[in-house]
Amino acid sequence: MKNRQEIARLKSLKLPLVIVIGLVLLCVPLFAGQFFSYLMLTFFAYAITVIGFNLLFGYAGLLSFGHALFMAVGAYTAAFLTSTFALPYMELILVAAVIVSAILAALIGALCVRYIKIYFAMLTLAFGMLFYTFLLKFYYLTGGDEGMRVLRPYLLGIDFSGTPKMQFLAGTYYIYAFVILAILTFVMWKIVSSPFGLCLKAIRDNPEKAEYLGVSVKKYRWYAFVISAAYAAVGGALLAPAVGQVDPGLTYWTQSGTLVFMSLLGGFDYFFGPLIGGIVYILLQNSVMSLTSYWRFIFGAILVFVVIVAPGGIAGVIGSLVKRRERRD
Amino acid sequence: METILNILFSGVFHASTLFLVAAGLQVVFGVQKVFNLACGTFYGLGAYFGITVVKCLVEHNFPKALFIVPLIAAGLALGLVVGPIIERGLMKFVYDRDETFQLLLTFGLVMMLEDVIKFIWGTSPQSMGGIDMVYGQLNVLGATVPVYNLVVILCSLIIAGLISWLLMNTRFGRIIRATADKREMGEALGINMKVVYLKVFTLGTVLGTLGGALVVPAGAAVSEMGMDLIVLAFAVVVIGGLGSMKGAFVGALIVGVLKSLAISTYPEMEMLTIYIIVIAVLVIKPQGLFGGSRV
Amino acid sequence: MGKTRREFVKLVGGAAVGAGMLLAGRGKAQAQAKPAKGVPSGPVRIGAMPGLSGVIAVPGTAAWRTTQMWAEEVNAAGGILGRKVELSMEEETTAKDCVERFRKLTLETKCDVIVGLMSTGNGLAVGPLAEELGQLWLAWDATTQKGVVETMPRTKFSFRSTDNEAEAIGGAILTAKFFPNIKTVVGINNDYSYGRDCWDAYQAVLKHFNPNVKFVDALWPKLGETDFTSHIAALKKANADLIMTSFWSGDVPILMKQATAAGLFKRSKACFTTGGGAHYTLKKEFTPEGIILGYNSFYFKWTDTWPLLTKFVNAYYAKYKEYPVYETDHAYFVLQAYKEAVEKCYSILGRWPTKEEVGKVLSGIQVPSLSGFRGYREDNLMSCNFFMGLTSHKNPYDFVTINQMEVLTPVQIMKPFAGAKLYDWIKGWKS
């Protein structure tokens, strides 16, 4: 009995904790340097991507090894709208990114969700690499290996071209990206705790049973695929103006590997796991890359270590520590 | 005629190394259900190590014409050392887990081994000079073919033959075939699966390192060679069917010859053709051309 | 080529003066143990961004080694105006990461100057960023051209490298000179901007000199391809008098080997516009004599009369057991230019200059570098000579070198100013 109360108490702690962490993140530009704010900005973009990715990976149990494709779709949408069509409205970019990626994901997803496990991973990898080759080959359209420039977008219709770039990124744009992250996190929370989210979990754990109970397994997987692709596109669209340039490297298979890495590092069994993984990955990469030119080895070793020793990721480790304490109490 | 022969020879040469790497992927996947992303890196390791060994011997007046012997030995030895280390040291911990973890473990390995190669051999391209030319060239109906390329094709065929003999006619092969579907089956029959997995993974590694060692005299070892190959090897096994040795053989031939043909006729389409075929196969016949038959 | 010769003589003549200046400068610097008057006491922070993996690893490693050697040497001689040089290295990887690392070096490490980068895509990303941040960026390569059109004709902080297609133009000039009788040409270039720009420029220039030449086929292996047997079959099918390629990394020895093994050079001549990028891997055993080989802007033995070169090549070989490739001089030059610009500013202002002031002096600067005098034009593009010639086995090494070395001046092979249209410029040439 006491145990259950304890858990309820912990659960009630969770929301205030999330709000506090969110506020701290929002205030980063006030106390940290511009560069750290920029890192957090890239984190927001990746955070949105991995939350979406985890709907597929953690909740539906489908490992996509080509998810960077949709991030690139979002990023290239931003490039096309700002550079080619001179329509630098961020809201328009986001909506366009969602639409384009949803259409593409609906097509690709319709093929992919017929398979699971390694076949699903391979098919998504093949599509990711096909898109990579497409971006490289159709250079008169996409700029090939050189990529395309992404100009500074208007936020809510307001032109900020007067502000210095770093001030813009660490100020207005930072808040803008944070708000979008907050909204999309909330929406995802609603999705996973809705009947739809529960069905996905049921499908992951026992597809035959779910099918027997009248859940259309393929359709649900397909929905999850499209939603996660839309999230990735929003992430990519937010990342692109911060970087200022998009290139096909965004959709190479190792980039998709990075998304998987983040989710695993943080713990894909937990809603906030991928977010923890994202922030840890970005901060770790930032310091390890400066430290040694053999940073790939260190990252590989971390991945191997997590896979073997802590498959639950950071959130998993924290979770089991909390549980142990509960038991002791 | 000459042109067709040239395209055919180059395609088959390419296919022969692709087959070795893909076969390494297949044997491991067939038995252990691990999709080994590091197979391309093993290929790179084999290439660099082969150069080091042969160069060292030639400096000590080893007859150049016989270089193929230590080269093969180097590829074998490296695989026999690296394979068990990785299997016992890392892979064995994740067999009970979801396939995802095994895939990610090999992804981590790719990152680590890439830097290991850079650490040992640096970033400069390494080659054996013109050692492969000691065998000269052969004129077949007007097409000039380096004899060494034929040697590589021959070696690859011999290895293919050996593998199929191993699978069909030995106790080890019967165990592999019996346990390809279910690990529990093997254990129920009283087979020590630990040893089987060790052997299988080592075999997979050896095929990769041997492939790298064999191909490198005809080119040079460069740091990006493993990354480059993994995507192609992946295409081969998807087309041929995951886990099927016959599939690796046919798939390698298809990819190799098709690539060669595309380059000679419509070079812009080279890689696109291969991805489109991969996706077409996955959509129409996801188990691949030979996916039905096991190992 | 008469002009070339004259400029070459002038160059070598300048060599003695340059070396003298350099030695004198060193003597003075050594005397300064402490920072000069009006100079901050902390170290000069130089950020370097070499590519260390994949195709760009070959030139990237050479450039990074050179940067370290330069820093050691300068520090041993007392630093820049008595300030020690401190290097911070961040690897060049994808455009996204380059932008992040560049920001880090600027905002966090607070570098005084950032050198490096090789890939054009990364240059296009970092160029505008340098202007926005007000950070000096002295590029090794990584031009800011989209195709052959410069995207940043006027800059204050970005100092760019030579045009991408300079080597192809030089290669075409020499093809017309050495092989006037060829009728057909086949190209094999990497399927990306540099490869495509080179092939287009090569065709335009060769057509200019030799209007009857036919370009029979073009092959486009992707960047990072490591087996060319299939491409060799296609080259054979094309059966052209000359094979042109702009390969520059580890793929050069592979292509050369496989082409020789298949007997391709028995029939065809060849022009490797940038093959010198991995020249020490072109072993005599598989590299024929008498093909055009370009070394970009640095040939490790272009003269015996330039002490800076001899000393550097010997030191480099002693340390790394390899002969340096072209990127070494890009790396050496940008650092030397920075140092001399700062010193020049100091002699006028009497204090350590701001980044903008250094930038102003860098425009139009000329400094003695490894391959002679090298400078920045007024439009902040690097201006230097290119070295090309016919391969030869007559040397003490196990790899080929060139004889009949041709020095191609920037006037010959680079558009006159950053905003110029390449093909209009070529059309305007006198035959």
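Trainee: What makes strand 11 and strand 12 of chain C a pair, and in which sense do they pair?

Mentor: Two strands pair if DSSP finds at least two bridges between them. Strand 11 (residues 269–272) and strand 12 (residues 292–294) of chain C have 2 bridges, so they pair, in the parallel sense. In strand 12 of chain C, L293(C) is the bridge partner of F272(C). This is a predicted model: local features need pLDDT of at least 70, side-chain atom pairs pLDDT 80 or more, while totals for chains, interfaces and linings use all residues. Residues are numbered from 1 along each chain as its sequence is written, with chains lettered from A and ligands numbered from 1 in the order in which they are written.

Trainee: What is the strand order in the open sheet of chain C?

Mentor: The order is 9-8-10-11-12-16-17, which makes 7 strands with mixed pairing.

Trainee: Why are strand 9 and strand 17 of chain C said to stand at the edges?

Mentor: Strand 9 (214–219) and strand 17 (401–408) of chain C each have a single partner strand, so one side of each lacks a neighbour in the sheet.

Trainee: How many residues of chain B and chain A are in the contact?

Mentor: Residues are in contact if their C-beta atoms, placed from the backbone, lie within 7 Å. The contact takes 30 residues from chain B and 29 from chain A.

Trainee: Which helix of chain B gives the largest share of the side that touches chain A?

Mentor: Helix 4 of chain B, with 15 residues. Helices are DSSP runs (H or I, at least four residues), strands likewise (E, at least two), numbered from the N terminus.

Notes
Contact = placed C-beta atoms within 7 Å.
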